[in-house]
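Please read these notes with the model open beside you. Take the points in order and find each residue as it comes up.

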Amino acid sequence: MLNKAPHVAVAMRTIRTVHAISTWSRALHRQGVTIGMVPTMGAFHAGHLALIRAARRSCEAVVVSVFVNPRQFGRGEDVSRYPRRLRSDAALCAREGVDVLFAPTQEGMYPPGFEASVSVRSLARRWEGECRPGHFEGVATVVTKLLSLVRPEIVFFGQKDFQQTLVVKRLVEDLNPGTRMVVLPTVRDPDGLALSSRNPRLTPAERRAAPVLCAALQAGREAIRSGIRSGSRIRKMMHQVVSGERLAQVDYLAVCDPSTLEPRPRLTGTVVLLGAIRLGRTRLIDNLLVRT
Ligand code: AMP
């Protein structure tokens, strides 16, 4: 069993069933070990590793889940195209000192007859929720199930998926799973592109075009810093940047309240700039928090 901090490296376990993970977490809870959890869909990049390292630093035991959750894919989105690299993900987890890699099967997570669903209504309505109907219900349901199984002290998420962080924060506050949530900054490539498991699917031309999303958000941020306080002006400026890139199609670019995600006509306090674009068959999202 695990020792208390400092972490003592033991061989990583891969657990594939909900029964085995809840047995494992029950045993650790009995010993008073603090568990940190990083929920993912796998195909790791440096963004995932930053979350895993933060969990490793602050918790005695670390669980990373890899589950490509079919329920969070919207209509017309092909879950079978999502990259799967469990073997190399497991090697990375082992190298980072993860204690348990939880990689359940779809049937294990959603056995026949599964019917429950968690929804966080108003925060899930706009932006990603509108472009991907059912997405956040899928996210909220799987996160609730993972938190019930593992009961981590701390669960780690990335700011990259800003709306997701608000949805999960809400469900943690409303349903009291006994977990604290930590959100870590977005990890980017040197040209600004936010790392994503979807990026390797970009063609070389699309990859060259991809930083336009971050560039648009940065232009919005600069405009705010220069004193512009009209939300619609900022939005137009961001659209202008993306329209310079012929491969990119905008799903949305928005200037919002960072707690409600409602659009902000006049900017005060902190705002979040949200964006989603499509490049061929790949969809990219990004965001920046800006203080006015
Ligand atoms: P995913 O595997 O894409 O579902 O992501 C798993 C976790 O990693 C989520 O909390 C994401 O927000 C986070 N994440 C994804 N990309 C990044 C990134 N570029 N920087 C930081 N965290 C990220």
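1. **Ground rules.** This is a predicted model, so to speak of local features pLDDT must be at least 70, side-chain atom pairs count only at pLDDT 80 or more, and totals for chains, interfaces and linings use all residues. Residues are numbered from 1 along each chain as its sequence is written, and side-chain values use heavy atoms, with hydrogens and water left out.

2. **Where the shell comes from.** Helices (H or I, at least four residues) and strands (E, at least two) are DSSP runs, numbered from the N terminus.

3. Which residues put a polar side-chain atom or an N or O atom of the side chain by an oxygen of the ligand? His-48 does, at 2.8 Å. Asp-161 does too, at 2.6 Å. Leu-195 uses its backbone instead: a polar atom there is 2.9 Å from a nitrogen atom of the ligand. The protein covers 93% of the 480 Å² of accessible area that the ligand has on its own. A polar contact is a pair of N or O atoms within 3.5 Å; within protein, one must be able to donate a hydrogen and the other to accept it, and residues adjacent in sequence count only if both atoms are side-chain atoms. Accessible areas come from the Shrake-Rupley method with a 1.4 Å probe; for residues, only the protein chains shown count as cover.

4. **The parallel sheet.** Six strands form an open sheet with parallel pairing, in the order S1-S4-S3-S2-S5-S6. Strands pair if DSSP finds at least two bridges between them. Strand S1 (13–15) and strand S6 (180–184) are at the edges with a single partner strand each, so one side of each has no neighbour in the sheet. The twist averages 25 degrees from one strand to the next. Axes are lines fitted to C-alpha atoms, for helices over the stretch in contact, and angles run from 0 to 180 degrees between N-to-C directions.

5. **Pairs inside that sheet.** S1 runs parallel to strand S4 (residues 100–102), joined by 3 bridges. Ile-15 stands opposite Phe-102 in S4. S2 and strand S3 (residues 61–66) pair in the parallel sense over 6 bridges. Val-38 has Val-64 in S3 as its bridge partner.

6. **A covered strand.** Are the residues of S2 buried or exposed? Ile-35, Met-37 and Pro-39 on one side are buried, and so are Gly-36, Val-38 and Thr-40 on the other. Buried means under 20% relative accessible area, exposed over 50%, partly exposed in between (1.4 Å probe, protein chains only).

7. **The antiparallel sheet.** A further open sheet has 3 strands in the order S7-S8-S9, paired antiparallel. S7 and S9 stand at the edges, each with a single partner strand, so one side of each is left without a neighbour in the sheet. Neighbouring strands here are turned by 10 degrees against each other on average, direction ignored.

8. **Around S8.** Strand S8 (residues 270–279) has 8 of its 10 residues buried. Strand S7 (residues 248–256) joins S8 through 8 bridges, and Cys-256 stands opposite Val-272 in S8. Strand S9 (residues 282–291) joins S8 through 10 bridges. Ile-277 is the bridge partner of Leu-284 in S9. S8 and S9 form a hairpin with 2 residues between them, and Gly-280 in the turn has a positive phi of about 60 degrees.

9. **Two buried residues.** Thr-165 lies in helix H7 (residues 162–175). It counts as buried because its relative accessibility is 2%. A polar atom of its side chain lies 2.5 Å from the backbone oxygen of Phe-162. Ala-194 sits in the loop between S6 and helix H8 (204–209). At 4% relative accessibility, Ala-194 counts as buried too.
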